[in-house]
Amino acid sequence: MATCDTCGNDYDKAFTVTQGERTGTFDSFECAVHAMAPTCAHCGCRILGHGVEAGGTVYCCAHCAEHSGVTGLADRI
């Protein structure tokens, strides 16, 4: 069995996620999200969708980017 990198659970159905040079082993998508998903620079939530980016900084939405002083971004709809 493999051990989850997030919670330490030994699980016979664990899986591996690779993101660029990062690789992790997880027992659930929830644990994978906690370890791998980026966080919004304004509100700190995990970004599970597209998000928006300005100057190398990632936000969950244009609203959070605007609160951080970024202009000209729009959410995808």
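This report describes the fold, the surface and selected residues of a predicted model.

## Basis of the model

The model is predicted, so that local features need pLDDT of at least 70 and side-chain atom pairs count only at pLDDT 80 or more, whereas totals for chains, interfaces and linings use all residues. Residues are numbered from 1 along each chain as its sequence is written, and side-chain values use heavy atoms, with hydrogens and water left out.

## Overall fold and dimensions

The protein chain contains two helices and six strands, and in sequence order these elements follow the pattern β-β-β-β-α-β-β-α. Helices (H or I, at least four residues) and strands (E, at least two) are DSSP runs, numbered from the N terminus.

The radius of gyration of the protein chain is 15 Å, whereas a compact globule of 77 residues would have a value near 11 Å; the radius is taken over C-alpha atoms, and the globule rule is 2.2 Å times the number of residues to the power 0.38. Along the principal axes, the C-alpha atoms occupy a box of roughly 50 × 20 × 20 Å. Of the contacts between residues at least 6 apart in sequence, 8% join residues at least 24 apart, where contact means heavy atoms within 4.5 Å.

## Surface and charge

Buried residues account for 22% of the 77 residues in the protein chain; buried means under 20% relative accessible area, exposed over 50%, and partly exposed in between (1.4 Å probe, protein chains only). The accessible surface of the protein chain is about 5,200 Å², and carbon and sulfur atoms contribute 50% of that surface. Accessible areas come from the Shrake-Rupley method with a 1.4 Å probe, and for residues only the protein chains shown count as cover.

The protein chain carries 4 positive and 9 negative charges, whose mean positions lie 3 Å apart. In this count Lys and Arg are positive and Asp and Glu negative, while His and the chain ends are not counted; the place of a charge is taken as NZ of Lys, CZ of Arg, CG of Asp or CD of Glu.

## The salt bridge

Side chains of opposite charge can pair when their charged atoms come close. The structure holds one salt bridge, defined as a side-chain nitrogen of Lys or Arg within 4 Å of a carboxyl oxygen of Asp or Glu. The bridge joins lysine 13 to aspartate 12, with the closest N and O atoms 3.4 Å apart. Lysine 13 counts as exposed at 55% relative accessibility, and aspartate 12 counts as exposed at 53%.

## Arginine 22 in strand β4

Arginine 22 belongs to strand β4, which covers residues 22-26, and is partly exposed with a relative accessible area of 41%. Not counting residues up to four places away in sequence, arginine 22 touches Val17, Ala35 and Met36. For arginine 22 and methionine 36, which are 14 residues apart along the chain, the C-alpha atoms are separated by 8.6 Å.

## The segment after α2

Serine 68 lies in the segment after α2 (62-67) and counts as partly exposed at 36% relative accessibility. Apart from neighbours within four places in sequence, serine 68 is in contact with His42 and Tyr59, while its C-alpha atom is 28 Å from that of arginine 22, 46 residues away along the chain.

Aspartate 75 also lies in the segment after α2 and is partly exposed at 38% relative accessibility. Beyond neighbours within four places in sequence, aspartate 75 contacts Val52, Cys61, Ala62 and His63, and the C-alpha atoms of aspartate 75 and histidine 50, 25 residues apart in sequence, are 8.9 Å apart in space. Glycine 72, likewise in the segment after α2, is exposed with a relative accessible area of 80%, and the C-alpha atoms of glycine 72 and threonine 16, 56 residues apart along the chain, are separated by 37 Å.
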